[in-house]
Amino acid sequence: MNMIRSLSLFLLIALLGACASAPDSGPGLEVGEQPATQVRPATGTSRPVLALLEQANQAARQGELAVAEARLERALRIEPRNAVLWYYMAKLRLHQGRLEEAAGLAAKSNSLERGDNRQLQADNWRIIAHARQRAGDESGAREADQRARALANEY
Amino acid sequence: MPRRKSVAPRRKRASRPNRSRKGAARKRPRRFRWRYLFVGLLIVLVGYGAYLDFTIRTHFEGKRWALPAKVYARALEIYPGQALAPAQLERELKLLGYRDNAASRAAGNYTHLGDRLRFTTRAFQFWDGREPSRQVTVQFDNGTITRLQDQYGAELNLLRLEPPAIGGIYPHHREERVLVRLLDVPPLLQQALVAVEDRQFYDHWGLDPRAIARAMLANLKAGRTVQGGSTLTQQLVKNFFLTNERTLWRKANEAVMALLLDWHYPKTEILEAYINEIYLGQDGDRAIHGFGLAARFYFDKPLARLEANEIATLVALARGPSYYHPERHGQRLLARRNRIIDILEQDGGLDPASAQQARLAPLGVVSGKPGAISDHPAFMDLVRRQLREQYRQQDLTSEGLQIFTTLDPAIQQQAEQSLSRQITRLDQQRNLSGSLQGAVVITSASGGEILALVGDRNARFAGFNRALDASRPIGSLIKPAVYLTALAQPQTYTLATLIDDSPITLQADNGTRWSPQNYSGESHGQIPLFTALINSYNQATVRLGMALGFEPIATTLRRLGATRDIPAYPSMLLGAVNFTPYEVAGMYQTLAAGGFRSPLRVIREVLAADGEPLRRYPVKVEQTLDSQTVQVLNSALQEVPRLGTARALSAQLPPGSRVAGKTGTTDDLRDSWFAGFNASHLGVVWLGRDDNQPTGLTGASGALRVWGEIFADLPGQPLEPVPGKALEYHWIDPRNGQISEQGCPGAAYLAFIKGTAPRQKSDCAGGGERRKSSNPFNWFKGLFQ
């Protein structure tokens with residue numbers, strides 16, 4: 001059971017992780033560099049939330065992003081202060097091409113991350129960099145990207 | 001050629017009149033009169049028939065297709081580790097119409113097994129998939145779910161119950177119908193209607209001549225009307241045009257329309273329309289139409305869950321709701337009900353044992369009748385408003401859409417009861433003779449979902465929705481925006497920065513002078529910023545606001561979510577600006593969510609009648625304020641209930657509940673506000689009078705009491721100070737803003753952006769002595785600020 005769970009979770013993460021490079025990053029700035037490993041749910045994540053993540057993953061694999069979204073939201077209602085859930089949500093938005101919303105969710109994720117998950121924070125900053133770049137905020141995008149890189153060097 | 005042809009007929013035509021003129025000049029008028037009369041009559045008859053046909057079809061189609069949108073509350077999710085008491089779960093199951101029945105393991109039944117609860121859920125189609133029916137056992141320990149198992153003993157991580165239905169969206173605002181589809185109608189009811197009212201229903205053409213003859217005979221014998229010969233179809237037609245007129249002409253019309261109806265539509269549709277349309281009683285000026293509504297009205301449950309005796313009672317009422325009035329003619333109704341049970345037994349619809357059980361059952365009509373089908377009119381009002389932005393009214397009232405909302409029925413009930421209870425108490429206490437009103441908005445702290453909304457002290461009353469429409473000055477609720485604007489400049493202002501609370505007089509361009517005063521009338525000289533905020537000092541706030549400027553404060557308000565124009569004059573700094581409780585909730589939501597603004601949401605998903613997903617309203621967050629700065633402000637708002645104007649809360653909340661909030665009072669005590677939150681929920685309460693006269697209540701003595709009562713029972717996470725990389729926390733002396741220690745009198749635990757905290761240490765003991773001397777009055781002052 002646990003094997004299946006971690007496998008499918010990995011798939012979700014892999015799928016959502018792949019999303020990060022989906023929107024065009026543009027020639028001016030190299031954002032969206034893939035982290036070496038994927039962000040996993042924190043160790044304290046509760047069983048119902050893991051179950052919902054599993055289901056969200058299934059939906060995402062079948063391309064049913066609106067279903068995945070609904071399941072992630074259910075997970076968020078159970079653990080509203082779980083930074084990783086907000087991060088998955090941001091990735092989903094990124095994949096849906098809703099960059100501005102993705103950036104809001106990524107910032108929310110970062111505001112809740114009190115631990116040392118640098119990778120999560122770096123990824124969130126990458127998402128924010130994407131969104132800012134798309135919005136034409138070049139300096140903002142550069143700043144976000146620098147923060148992502150600085151964090152990436154720490155993990 | 002053309003000429004000849006054209007000429008010949010002319011000649012012919014010309015010859016006719018000649019002939020007739022030559023012939024019977026006297027006979028002609030008579031023959032013509034008859035012919036015209038006959039043709040005329042035929043035209044009138046056909047025309048009238050067509051008119052009747054059009055009328056009855058329009059009525060029937062109109063009713064048949066009008067399937068109102070069905071609105072659901074949130075579906076309760078159950079999981080191990082969840083704080084949920086057995087009583088709460090049982091309440092939810094009852095709300096869903098589950099029965100306490102140890103004998104049945106069918107869907108919709110539950111039973112207690114010691115400290116466990118066993119029940120079988122009903123299958124339900126959600127946006128993200130179908131939940132199958134499951135038989136589960138839930139184990140509790142001390143108000144928490146410890147274990148969730150299915151019937152095979154397998155552990156479940158999560159279970160989602162069906163969402164409770166909370167109402168429908170109807171064409172006319174006050175019209176209430178509980179429309180049912182024939183598929184959802186208990187077969188026993190269908191059988192009973194046909195057996196009792198119209199045995200030949202499935203065979204006749206809309207009229208039953210034999211039944212009419214039988215009825216006439218019976219009536220002649222008795223010398224009065226004792227039996228009706230109307231078919232269900234005729235009764236339905238009659239119900240479309242309810243009048244008390246009982247003329248032959250009317251009956252003839254009804255008969256023709258019944259034939260037409262039967263000709264156009266299948267029996268099943270006619271029966272369905274009958275079940276939804278028939279008049280079954282009166283509640284004041286509200287007519288009870290249809291078995292769906294009648295089931296709610298008489299038995300307070302959905303039609304599908306009626307017992308045999310209850311079905312028979314409703315069928316009895318269909319014959320004459322006032323003749324068989326349950327209260328005035330209970331015995332008469334009981335006798336007829338039992339006759340109907342006999343008929344069902346004879347027809348095999350009920351086995352002898354069930355029939356006997358049904359006969360022995362009391363009438364069981366509920367006395368405390370639910371006032372309305374929409375139990376939560378204020379919330380439904382909001383749902384309707386948000387839907388109207390995206391859907392045509394016609395689609396909402398006729399397409400059978402399924403609307404999934406964010407309402408939490410348990411919290412809603414808690415909010416309704418607390419508001420009603422506290423208002424009744426305060427109203428009496430202040431001799432307000434019933435004029436005190438109020439509103440409550442409760443949201444989820446992080447996602448901005450509306451969990452409860454109350455717009456009247458009588459929550460069932462669908463009148464003025466104060467939660468959405470009472471736009472009132474917010475008084476000191478505005479102060480956090482002023483202080484947040486200051487704290488956004490951490491190099492200039494921290495919570496410990498000393499500011500001036502001495503008297504101030506401002507002069508407007510037109511020469512008018514304004515001298516705001518503190519509520520107590522006292523001035524406090526130089527005090528730390530947080531002391532001014534948590535005690536809601538007006539003089540210090542106006543001085544601070546004037547130093548900051550109106551525009552930056554207006555910007556902060558907009559970032560919090562205010563959409564109105566913020567007036568740029570000094571009294572704005574003390575809240576002389578109008579907002580509704582709903583708008584205030586939107587703004588405080590941004591604080592509760594740490595600087596992230598989410599539009600308040602009431603609808604999660606919309607599905608078509610057949611379960612096809614149509615539209616989602618996803619969670620959206622936008623960072624509009626620096627989260628560290630908001631964290632700093634919130635650390636001070638957390639001290640309001642401990643040390644500031646909301647100290648009365650400690651008597652209401654269980655120990656250990658850490659909440660943040662702010663009281664608000666307006667001039668002459670006209671409006672009483674409290675807005676506050678913990679890590680899970682945000683609540684805004686307003687109390688006041690519709691005529692805007694003084695209530696004698698401050699935020700602390702009025703709205704705070706309602707808020708406290710609601711939050712005392714609300715399961716939720718306490719606010720935790722979480723030091724991040726950018727923040728540090730210190731105990732601060734309330735007099736001088738210097739570093740103090742835990743346990744020192746009045747010391748507040750406050751957040752600072754790293755590097756901005758004060759360095760000087762205060763003398764705890766000395767300060768303690770001085771504070772102690774004035775302490776006895778502190779709690780007293782808190783009540784009135």
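This is a predicted model: local features need pLDDT of at least 70, side-chain atom pairs count only at pLDDT 80 or more; totals for chains, interfaces and linings use all residues.

User: Let me start with a detail. Which residue in β14(B) is the bridge partner of B:Y72?

Analyst: As a general idea, strands of a sheet pair through backbone hydrogen bonds, either parallel or antiparallel. Here, B:Y72 has B:F404 as its bridge partner in β14(B). The two strands involved are β1 (residues 69-72) and β14 (residues 402-405) of chain B, which run parallel and are joined by three bridges.

User: In what order do the strands of the sheet with β1 and β14 of chain B come?

Analyst: The order is β11-β1-β14-β24-β25 in chain B, an open sheet of five strands with mixed pairing. At its edges are β11 (165-169) and β25 of chain B, each of which pairs on one side only. From one strand to the next, the twist averages 20°.

User: Now for burial. How many residues of strand β27 of chain B are buried?

Analyst: Six of the six residues of β27 (residues 660-665) of chain B are buried, so this strand is largely enclosed by the rest of the structure. You can check it face by face: B:A660, B:K662 and B:G664 are buried on one side, and B:G661, B:T663 and B:T665 are buried on the other.

User: What does β27(B) pair with?

Analyst: Its partner is β28 (residues 671-677) of chain B, in the antiparallel sense and over six bridges. Within that pairing, B:T663 stands opposite B:F674 in β28(B). The two strands form a hairpin with five residues between them, and B:D668 in the turn has a positive phi of about 60°.

User: Let's move to helices. At what angle do α17 and α19 of chain B pack?

Analyst: In general, two packed helices are described by the angle between their axes and the distance between the axes. In this case α17 (residues 479-487) and α19 (residues 538-548) of chain B pack at about 50°, with their axes 10 Å apart. That angle is why α17(B) counts as oblique to α19(B). Their crossing is left-handed. Across the contact, B:K479, B:V482, B:T485 and B:A486 in α17(B) meet B:T541, B:L544, B:G545 and B:L548 in α19(B). Sorted by class, the contact residues are four nonpolar, three polar and one charged.

User: How far apart are the axes of α4 and α6 of chain A?

Analyst: They are 11 Å apart, and α4 (residues 83-95) packs against α6 (residues 118-134) of chain A at an angle of about 30°. With that angle, α4(A) is roughly parallel to α6(A). The crossing of α4(A) and α6(A) is left-handed. Residues making the contact include A:Y87 and A:L94 of α4(A), along with A:D123 and A:I127 of α6(A). By class, the contact has seven nonpolar, two polar and one charged residues.

User: Zooming out, how many helices and strands does chain A have?

Analyst: Chain A has seven helices and zero strands. Of its 155 residues, 50% are buried. Chain B has 25 helices and 31 strands, and 44% of its 785 residues are buried.

User: Finally, how many residues does each chain give to the contact between A and B?

Analyst: Chain B gives 24 residues and chain A gives 22. On the chain B side, the elements that give two or more residues are β25 (613-616) and β26 (622-623). That side of chain B has ten nonpolar, nine polar and five charged residues.

How values were computed
Residues are numbered from 1 along each chain as its sequence is written. Chains are lettered from A and ligands numbered from 1 in the order in which they are written. Two residues are in contact if their C-beta atoms, placed from the backbone, lie within 7 Å. Helices (H or I, at least four residues) and strands (E, at least two) are DSSP runs, numbered from the N terminus. Ala, Val, Leu, Ile, Met, Phe, Trp, Tyr, Cys and Pro count as nonpolar, Asp, Glu, Lys and Arg as charged, and the others, Gly among them, as polar. Axes are lines fitted to C-alpha atoms, for helices over the stretch in contact, and angles run from 0 to 180 degrees between N-to-C directions. Angles under 35 degrees count as roughly parallel, over 145 as roughly antiparallel, 65 to 115 as roughly perpendicular and the rest as oblique. A crossing is left-handed if the near helix is turned anticlockwise from the far one by less than a right angle, and right-handed if clockwise. A residue is buried if 20 or more other C-beta atoms lie within 10 Å of its own, exposed if 12 or fewer, and partly exposed in between; C-beta atoms are placed from the backbone. Two strands pair if DSSP finds at least two bridges between them.
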